[in-house]
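Reader: I am new to this structure. Please show me how to read its features, one at a time.

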Amino acid sequence: MRRRIVAAVLALCLLLGGCAGRRIRAEDLDFTFDCIVDVSAPAGNLKCSFRRTGAQNATVRVLEGGPQGLSFCWSGGGFSQTYLGLAAEHETCVLPRDSFAAVLVETLDGAEKRGALTGTRDNEFSGKAVYDFTLTADPETGKILTLSVPECGFRAEFRAAARQTVETETAADIGTVPD
């Protein structure tokens, strides 16, 4: 009888252990992006394309909810803005610290730094870059799903890669069609 109880308890532990979701670690997060991001900020709701390859290497392009086609680009050694064929380049970002694009890029740059994140719950992390933030991630892929910066009233939801959509819209702006 005792063996059956022990066997049942062990089986239950194995079963419950197998049902627990995978928990991702901060070092497993993927900070590269090529996606569509839905942004909610005090200025309104925006749909943007977002590409990020590393710290201070990102492009945010407004697709809906604001001046369509407005782009902000951080290129490691500089910053540029483009809109309707006009471009302005600067050595550093000239956007206000609480503008949606600056909050998005600066927060992810800060979050990517070693030791910047603290696990708060399963697949959720918090930290401080310019502002306090929380982010959630997919435990299977390490892709960041949401980013929230309450102090700025900012929230971003990252959607699956939409490279073809972004390339098509970009090509339409410059009069070419992607392969």
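Reader: Which residue does Arg61 stand opposite in β4?

Author: Two strands count as paired if DSSP finds at least two bridges between them. Strands (E, at least two residues) and helices (H or I, at least four) are DSSP runs, numbered from the N terminus. Here Arg61 stands opposite Ser71. The strands β3 and β4 (residues 71-75) run antiparallel and are joined by 5 bridges. This is a predicted model, in which local features need pLDDT of at least 70 and side-chain atom pairs pLDDT 80 or more, while totals for chains, interfaces and linings use all residues. Residues are numbered from 1 along each chain as its sequence is written, and side-chain values use heavy atoms, without hydrogens and water.

Reader: How many bridges join β2 to β3?

Author: There are 7 bridges between β2 (residues 44-54) and β3 (residues 57-64), and the two run antiparallel. Among the pairs, Phe50 has Val60 in β3 as its bridge partner.

Reader: What phi does Gln56 take in the hairpin of β2 and β3?

Author: Gln56 takes a positive phi near 55°, in a hairpin with 2 residues between the strands. Gln56 is not a glycine. Its relative accessible area is 25%, so it is partly exposed; the classes are buried under 20%, exposed over 50% and partly exposed in between, with a 1.4 Å probe and protein chains only. In the hairpin of β3 and β4, with 6 residues between the strands, Gly65 has a positive phi near 90°.

Reader: Which residues have the most contacts inside the largest nonpolar core?

Author: In soluble globular proteins, nonpolar side chains tend to be buried together. A nonpolar core is a set of buried Ala, Val, Leu, Ile, Met, Phe, Trp, Tyr and Cys residues joined through side-chain atoms within 4.5 Å. The largest one here has 40 residues, and Phe50, Phe100, Phe154 and Phe158 have the most contacts inside it. The elements that give two or more residues to this core include β1 (33-41), α2 (100-112) and β11 (154-159). The largest share, 8 residues, comes from α2.

Reader: Which residues does Phe100 touch?

Author: Contact means heavy atoms within 4.5 Å. Leaving out residues up to four places away in sequence, Phe100 touches Val39, Ala41, Leu46, Cys48, Val60, Val62, Phe72 and Phe154.

Reader: Where does Leu84 lie, and is Leu84 buried or exposed?

Author: Leu84 lies in the loop between β5 (79-83) and β6 (86-90). Leu84 is exposed, with a relative accessible area of 70%. Although not a glycine, Leu84 has a positive phi of about 50°.
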